[in-house]
Amino acid sequence: MAFDPKSLEPELIFSTSRSSGAGGQNVNKVNTKVTLRFDVYNSSLLTAEQKDKLLTRLRTRLTNEGVLLLSSQEQRTQLKNKESAIAKFNSILSNAFREKKKRKATKPSKSSVAKRLKGKKTHSEKKQLRARFRPDH
């Protein structure tokens, strides 16, 4: 069963602040930067198993209290930044819940091994020829 991050939107907390960067007077007057907070520990919509998975896979992105913080300030409007922050959140959670593929152990084919060894041999012969014809030896 695939997990839908959109089901967690009621638990998202948004705050706004002034953006940095280009934008002239607009940046100095308007709170367009949006910060999204999601408390993994206190989420009532996640199971204990899902919380554990998020806490381990997102440990570098979480605060000590288990809160995921995302901010967006690329756009000029608060609404677009909010949409951008939600899109980032959905992407991060989708990746966190995606199952990793198991690596299948393989070995090189006989022809690729032979080709590699032949290349090493020709390289070695080239070096040997250079060593024989050196004028200072």
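The model is predicted, so local features need pLDDT of at least 70 and side-chain atom pairs count only at pLDDT 80 or more, while totals for chains, interfaces and linings use all residues. Residues are numbered from 1 along each chain as its sequence is written, and side-chain values use heavy atoms, with hydrogens and water left out.

Helices (H or I, at least four residues) and strands (E, at least two) are DSSP runs numbered from the N terminus. Two strands pair if DSSP finds at least two bridges between them. Strand 1 (residues 13-17) runs antiparallel to strand 2 over five bridges, with Ser15 opposite Thr35 of strand 2. Strand 2 is also paired with strand 3 (residues 67-72), again in the antiparallel sense, over six bridges; here Val34 has Ser72 as its bridge partner.

Turning to helix 2, Gln50, Lys51 and Leu54 are buried (under 20% relative accessible area; exposed is over 50% and partly exposed in between, with a 1.4 Å probe and protein chains only). These residues cover an arc of only 100° around the axis, which puts them on the same side of helix 2; the arc is that of the directions from the helix axis to the C-beta atoms. Ala48 and Glu49, on the other side, are exposed. The buried residues pack against strand 2 (33-39) and helix 3, contact meaning heavy atoms within 4.5 Å.

One salt bridge is found in the whole structure (a side-chain nitrogen of Lys or Arg within 4 Å of a carboxyl oxygen of Asp or Glu). Glu99 and Lys53 form the pair, with their closest N and O atoms 2.8 Å apart. Glu99 lies in the loop between helix 3 (78-97) and helix 4 (110-132) and Lys53 in helix 2 (residues 48-57), so the bridge ties together parts 46 residues apart in sequence. Glu99 is exposed at 56% relative accessibility, whereas Lys53 is partly exposed at 24%.
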